[in-house]
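Dear colleague,

I am handing over the structure below, and I would be glad if you could look through it with the notes that follow.

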Amino acid sequence: MTRRFEQHVARPVRDLAGVWDFAFLEGAEADRWPRTPARFGDRMAVPGCFDATPAYAGRRGLGVYRRTLAISEPGHYRLYIDGLHHRGQVFLKGLRAAEHAGGFTRFAADLGRLEAGEHELLVSADNRLDAKRSPLHLDYFDWYHYGGISRGIELHRLRSPWIDSLRVDTLSAARRRVRLRIAWRADRPPGRAPLEVACDGAVVLSEPVALPGARGVIERVLTLRGARLWSPDAPNLHRLRVRLGDDDLAERIGLREVRTRGRALLINGKPVTLLGFNRHEGHPQFGHALPWPLLVADVQLLQDLGVNFVRGSHYPQDPRFLDLCDEAGICVWSEATGWQHTAGQLNDPRFIRAQKLNLEEMVAQSASHPSVILWGLLNESASHDPRARRGYKTLIGHLRALDPGRPVAYACNHPWDDRCLDLADVVG
């Protein structure tokens with residue numbers, strides 16, 4: 001299980017963690033694979049970073065993972081990968097099901113209907129630094145860019161209609177009011193389906209809903225009576241479970257509001273002083289694929305130091321670490337992937353598109369965590385250059401549109417001549 005709580009009860013989910021067949025194609029052209037043959041003469045842990053292992057330490061190229069999916073029950077299947085560096089592709093029975101660039105966010109590969117039997121699954125992970133194919137991973141950086149399937153990977157069997165995502169936002173902490181945004185999809189127009197929402201096992205909403213077309217969004221505003229507020233001093237959590245038809249999805253939430261007022265940051269209306277550290281997810285043995293003992297140790301170190309704040313520098317942190325911060329009451333600055341981008345990059349449409357996607361994926365995977373009190377982006381970039389302001393304004397505006405309920409920050413290393421500080425809520 002990749003999270004601290006069970007997200008699905010009704011939906012069949014298979015954890016694909018383990019040891020896969022592996023081939024390393026040094027110098028292979030990524031766009032020509034899988035036409036380029038691969039010899040699977042090695043084995044590799046999943047999740048894991050292949051270039052953190054002794055055999056491939058420091059090498060850059062195309063890593064290819066292979067395993068067989070044994071399907072006992074026919075149906076619609078989807079593969080979820082929580083992190084893959086830097087550019088990856090998914091192939092099932094020789095057909096490409098997905099490709100993705102950017103290593104610290106979740107993406108999905110829709111495998112369609114699979115019949116009973118064995119199916120060959122191939123996943124590639126290209127760790128080369130290529131600004132054209134993966135614009136956010138640069139050949140200069142203050143952390144080592146490891147490659148591989150670095151976070152969890154799961155196979156889901158989907159029953160139509162299924163829940164694509166669940167977003168929970170606190171509208172009023174005092175009144176315990178939240179807004180649910182349930183995105184759904186279907187193989188065929190379902191017409192209607194029963195919707196049920198439960199908080200800590202108690203049903204708070206039950207009704208039939210109309211589901212026209214093949215996809216849509218259901219929004220509801222609920223009052224969670226008796227819910228306790230989340231704060232660093234009292235990190236109260238509640239489990240919200242949504243069931244739509246035969247599918248379900250749960251999120252663990254904390255009711256709290258974050259605002260700025262003058263020079264103060266407020267959580268539930270009370271000023272909070274943030275004291276803490278920057279944190280990288282990297283280890284010489286594991287790369288970016290940190291095991292549970294290291295995640296727990298990091299939280300214990302923060303608690304031992306008596307701090308209440310950690311900045312995820314300079315990319316979205318593992319959702320498992322955010323789970324632990326939710327429980328411990330440690331506030332998090334969640335930052336999009338980036339480090340010292342130039343004015344040229346901030347005017348490059350390809351870079352802007354990649355950064356927007358990274359922001360969207362960061363918000364999608366982290367927004368329900370109450371510990372995340374700040375969104376960050378564009379660490380130490382060219383905010384002093386007037387040519388960069390347009391890019392800052394575009395990306396900060398995009399982030400605010402994705403989540404108006406959290407303050408936005410960026411780390412500035414040009415404090416005396418910065419041209420973009422007025423765009424942010426909090427200055428680093």
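**Aromatic rings**

At 0% relative accessibility, Y392 counts as buried, where buried means under 20% relative accessible area, exposed over 50% and partly exposed in between, with a 1.4 Å probe and protein chains only. Please keep in mind that this is a predicted model, in which local features need pLDDT of at least 70 and side-chain atom pairs count only at pLDDT 80 or more, while totals for chains, interfaces and linings use all residues. Residues are numbered from 1 along each chain as its sequence is written, and side-chain values use heavy atoms, with hydrogens and water left out.

A search of the whole structure gives 10 aromatic pairs, a pair being two rings of Phe, Tyr or Trp (its six-membered ring) with centres within 6.5 Å, called stacked if the planes are under 30 degrees apart, edge-to-face if over 60 and tilted for the rest. Among them, Y144 and Y146 are edge-to-face, with 4.8 Å centre to centre and 65° between the planes; Y144 is partly exposed at 33% relative accessibility, whereas Y146 is buried at 12%.

Y392 and Y410 also form a pair, and because their planes stand at 65°, with the centres 5.0 Å apart, this pair is edge-to-face. Y410, at 1% relative accessibility, is buried.

Ring pairs also join W20, F22, F24, F50, Y56 and Y65 into a cluster.

Finally, R279 lies over the face of F321, 3.6 Å from the ring centre, where a charge counts as over a ring if NZ of Lys or CZ of Arg is within 6 Å of the ring centre and within 35 degrees of the ring normal.
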